[in-house]
Amino acid sequence: MDASIMDGRDLATGAVSAVRCISNPVKLARLVMDKTPHCFLTDRGAAKFAADMGVPEIPGEQLVTERSRKHLEKERREKGAPNATCPQNLGTVGAVALDCRGNMAYATSTGGIVNKMCGRVGDSPCVGSGGYADNSIGAVSTTGHGESILKVNLARLALFHLEQGKTVEEAAEVALGYMKSKLKALGGLILVSRAGDWAAKWTSTSMPWAAVKGGKVHAGIDPGDSTITDLS
């Protein structure tokens, strides 16, 4: 599993990749940010650090569902290369936040794509691709075809357009549109500006998302289909 986190106040960052048997890799990424002079730990180094920090391990079989086993078996039978226009990244979870003091942050965590090569790392732990946060601009978290997101530096690209004066919706659409036109790849992102404007955009078939602002919960999955309820 891979994860990253970033504090927009000072660009402090923590990330881990290729970790196993940890229920919340993003918590380990936070520890990297807070407890080490480094930004990114991987594989055995990340595992040793987790043990040193007292992060509990859980049995690997608890992290594997029957649905996931069948999905893997299907992929192995078909033996096809991952298709950028049909993202298999079904396990990415991302969040962005703006607090009452104007501080921003993002976090992104994933199990990667099905049937990936041993050692493969996607966009989620890579700052600038899987996410980015800067108090002077905004915060963003991404999902989709990892290799394509890495190539276009999707998170920072969206913030660049926001920095250039585009609205959050325009910035998200332009960044995702560039990845789609340049690489024929699909994805999605959540974005919040320093002013508190936010957007959830995607070019894939659907993307579950939710946002909380002013005591209201906004949520949706499919394009044009959203609900608004009271937070309480």
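**Close-up views of the predicted model**

**View 1. The surroundings of His 218.** When neighbours within four places in sequence are left aside, His 218 is in contact with Trp 198, Trp 209, Ala 210, Ala 211, Thr 227 and Ile 228. This view, like the others below, is drawn from a predicted model. His 218 belongs to strand S11, which covers residues 216–220. With a relative accessible area of 18%, His 218 falls under the 20% limit and is therefore classed as buried.

**View 2. The aromatic pair Trp 198 and Trp 209.** One aromatic pair is found when the whole structure is searched. The ring centres of Trp 198 and Trp 209 lie 5.6 Å apart and the ring planes stand at 45 degrees, so the pair is described as tilted. The pair links distant parts of the chain, eleven residues apart, with Trp 198 in strand S9 (residues 198–202) and Trp 209 in strand S10 (residues 209–213). Which of the two partners is buried, and which is partly exposed? Trp 209 has a relative accessible area of 15% and is buried, whereas Trp 198, at 27% relative accessibility, counts as partly exposed.

**View 3. Arg 156 and the ring of Tyr 132.** Arg 156 is placed over the face of Tyr 132, and its distance from the ring centre is 5.2 Å.

**View 4. Helix H1 and its two faces.** Within H1, the buried residues are Pro 25, Leu 28, Ala 29, Val 32 and Met 33. Around the helix axis they cover an arc of only 145 degrees, which means that they are on the same side of H1. The exposed residues Lys 27 and Lys 35 are carried by the face of H1 that is turned away from this buried side. As for what the buried residues of H1 pack against, the partners are strand S1 (2–7), S2, S3, H2 and strand S5 (104–110).

**View 5. Helix H2 and the residue that follows it.** Helix H2 comprises residues 43–52, and Ala 46, Phe 49 and Ala 50 are buried in it. These residues cover an arc of only 100 degrees around the axis, and they are therefore on the same side of H2. On the other side of H2, the exposed residues are Arg 44, Lys 48, Ala 51 and Asp 52. The buried residues of H2 pack against strand S2 (12–17), helix H1 (25–35) and strand S3 (40–42), and H2 is in turn listed among the elements that the buried residues of H1 pack against. Just after H2 comes Gly 54, which takes a positive phi of about 75 degrees.

**View 6. Ala 18 in the loop between S2 and H1.** Ala 18 is located in the loop between S2 and H1. Is Ala 18 buried, exposed or partly exposed? Its relative accessible area is 31%, and Ala 18 is accordingly partly exposed. Not counting residues up to four places away in sequence, Ala 18 touches Met 1, Asp 2, Thr 42 and Asp 43. Although Ala 18 and Gly 45 are 27 residues apart along the chain, their C-alpha atoms are separated by 9.9 Å.

**View 7. Ala 158 in helix H5.** Ala 158 lies in helix H5, which consists of residues 154–163. Its relative accessible area is 0%, and Ala 158 is buried. Beyond neighbours within four places in sequence, Ala 158 is in contact with Ala 171, Ala 175 and Leu 189. From Ala 158 to Gly 214 the separation is 56 residues in sequence and 25 Å in space, taken C-alpha to C-alpha.

**View 8. The whole chain, for orientation.** Six helices and twelve strands make up the secondary structure of the protein chain. Its radius of gyration is 17 Å, close to the 17 Å that the globule rule gives for 232 residues, so the chain is as compact as a globular protein of that length. The C-alpha trace spans about 45 × 40 × 40 Å along its principal axes. Of the 232 residues, 42% count as buried, and the accessible surface comes to about 12,700 Å², with 53% of this area belonging to carbon and sulfur atoms. Among contacts with a separation of 6 or more, 51% are between residues 24 or more positions apart.

Key
Residues numbered from 1 in each chain as written. Predicted model: local features only at pLDDT ≥ 70, side-chain atom pairs only at ≥ 80, totals over all residues. Heavy atoms only, no water. Phe/Tyr/Trp six-rings, centres within 6.5 Å; stacked < 30°, edge-to-face > 60°. Helix = DSSP H or I, 4+ residues; strand = E, 2+ residues; numbered from the N terminus. Buried < 20%, exposed > 50% of the residue type's maximum accessible area, 1.4 Å probe, protein only. Lys NZ or Arg CZ within 6 Å of the ring centre and 35° of its normal. Rg over C-alpha atoms; globule rule 2.2 N^0.38 Å. Contact = heavy atoms within 4.5 Å. Areas by Shrake-Rupley, 256 points an atom, 1.4 Å probe, with all protein chains shown as cover. Arc of directions from axis to C-beta.
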